[in-house]
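Hi,

Here is the structure I promised to pass on.

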Amino acid sequence: MRSCVRICSVFILVIAAVTIHPAAAWAQSAPSTQPAQTTQSLAEPNTLTLTPFLSTSFGTSQDLGGSFGLGVAVGYDWTRNIGFEGEIGHVFDVLGNDANQDVSITNYSANGVYHFDVSRFTPYATFGLGVEHVSRSVKNPDVLAIYAPSGTEVAYNFGGGVKYPVSERFLARADLRRFQSTDLSPDYWRLYGGLTFWVKR
């Protein structure tokens with residue numbers, strides 16, 4: 001599991017590196033319809049986007065390591081600043097350092113997104129509410145121990161990220177969020193690297 005986390009971390013670093021370098025070829029070849037230094041977000045009103053991503057989790061409430069994960073988000077940008085996003089994310093084993101217990105989490109959330117007006121890239125803040133299904137597996141159960149059962153719980157998340165254009169149709173995206181449940185599920189941080197593209201413009 002640690003090797004999966006390392007692989008995912010490398011992928012996220014690659015995405016971050018891409019966002020550091022300007023998409024010069026695309027930006028210079030595209031005809032300019034606005035002033036060169038216009039400060040506005042990259043979000044486009046009334047458009048639909050899709051973001052597949054790979055993630056790594058860390059900082060669990062029990063401090064028991066992290067895990068590789070993946071997911072997909074579908075977004076609708078109402079204006080250049082306000083958007084909405086539905087997301088499905090899966091963490092394969094949020095207690096990565098616990099050799100005796102595996103806890104996988106699948107999270108379904110509806111999120112509000114606020115894009116900030118910054119030139120060349122777009123930082124954003126997000127807050128969401130949803131449910132998560134927690135699946136627990138104990139390899140060698142202790143007869144005297146009490147283990148939390150598998151189940152479905154209400155959860156919320158908050159965080160933010162950044163989007164950066166890599167072509168006329170694609171945006172590199174890095175996202176950091178905290179997931180908190182209202183019951184027995186571990187709370188954790190999730191960092192992901194993804195590629196956003198417009199499905200409908």
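Where is Ser41 found? Ser41 sits in the loop between helix 2 (24–29) and strand 1 (47–58); helices (H or I, at least four residues) and strands (E, at least two) are DSSP runs, numbered from the N terminus.

Before going on: this is a predicted model, where local features need pLDDT of at least 70, side-chain atom pairs count only at pLDDT 80 or more, and totals for chains, interfaces and linings use all residues. Residues are numbered from 1 along each chain as its sequence is written, and side-chain values use heavy atoms, with hydrogens and water left out.

Back to Ser41: with a relative accessible area of 2%, Ser41 is buried (buried is under 20%, exposed over 50%, partly exposed in between; 1.4 Å probe, protein chains only). Leaving aside residues up to four places away in sequence, Ser41 touches Arg80, Asn81, His115, Phe116, Asp117 and Thr122 (contact: heavy atoms within 4.5 Å).

Now the salt bridges, of which the structure holds 8 (a side-chain nitrogen of Lys or Arg within 4 Å of a carboxyl oxygen of Asp or Glu). One of them joins Arg201 and Glu44 at 2.5 Å, N to O. That pair links distant parts of the chain, 157 residues apart. Arg201 is partly exposed at 47%, and Glu44 is partly exposed at 22%.

Asp175 pairs with Arg173 at 3.7 Å and with Arg190 at 4.0 Å. Arg190 is in strand 8 and Asp175 in strand 7 (residues 170–181), so their bridge ties together parts 15 residues apart in sequence. Both are buried. A salt-bridge network links Glu85, Glu87, Arg173, Asp175, Arg177 and Arg190.

Cheers
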